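Here is a friendly briefing on the pockets of a protein model. Please take a look at the structure first, and then we can walk through the linings together.

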Amino acid sequence: MTYVTHESIPPFWNQDSKVLILGSVPSPKSREYGFYYMHPQNRFWKVLSEVFQEEIEENIEGKKQFLKKHQLALWDVVFSCEIEGASDASIRHIKANDLTEILSHSHISSIFVTGKKAYDLYQTYCYPNVKREAVYLPSTSPANASFSFEKLVEEYQKIRWSR
């Protein structure tokens, strides 16, 4: 096994953000690009496009404009860890992100966590500090084949309804 030490990509948010979406750690492809959900087979951006009935540009700037328009913030539960590839199951030596700055300097009213591992890590490392409930959403990773695209869109509608 080859583990790499990972540090978080900076969060994307502003003072107008109302919804915070947290993953566990970015994939190697996302780390390469320096932005979230950049693996071409990850369904995150396609799901959000369907939820909000709006095209999202493929480039990072287009994705940022979409997030800003819909008052969405993105970050990860984990600030640093060791991880093998993109396997959440391999995450070890965890240091969590401090969510207090985002939560105290924005209008975040809802927190969503994508994937079981990210949700469990949130409950363990973040909830004790921020005392804010988070809503579990299934992972949009291609590894989560048990959720069809249609089922993911149905689940992710919660984001739109929470704003």
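The lining of the largest pocket divides into 10 nonpolar, 12 polar and five charged residues. In this sorting, Ala, Val, Leu, Ile, Met, Phe, Trp, Tyr, Cys and Pro are nonpolar, Asp, Glu, Lys and Arg are charged, and the others, Gly among them, are polar. The model is predicted, so to speak of local features takes pLDDT of at least 70, side-chain atom pairs count only at pLDDT 80 or more, and totals for chains, interfaces and linings use all residues. Residues are numbered from 1 along each chain as its sequence is written, and side-chain values use heavy atoms, leaving out hydrogens and water.

**The largest pocket**
- The largest pocket holds about 580 Å³ of space (a pocket is an open set of points on a 1 Å grid over the protein atoms alone, where a 1.4 Å probe fits, with protein on both sides within 12 Å along at least five of seven lines; volume is the space filled by probe spheres set on the points, which are joined across faces, edges and corners).
- It is lined by 27 residues (lining means an atom within 4 Å of a point), and Asn42, Ala86, Asp88, Ser139 and Ser141 are the closest to its centre.
- α1 (28-33) gives the most to this lining, with three residues (helices are DSSP runs of H or I, at least four residues, and strands of E, at least two, numbered from the N terminus).

**The second largest pocket**
- The second largest pocket has a volume of about 300 Å³.
- Among its 14 lining residues, Pro40, Trp45, Lys46, Glu58 and Lys63 lie nearest the centre.
- α2 (44-51) gives the most to this lining, with three residues.
- Six nonpolar, three polar and five charged residues make up the lining of the second largest pocket.
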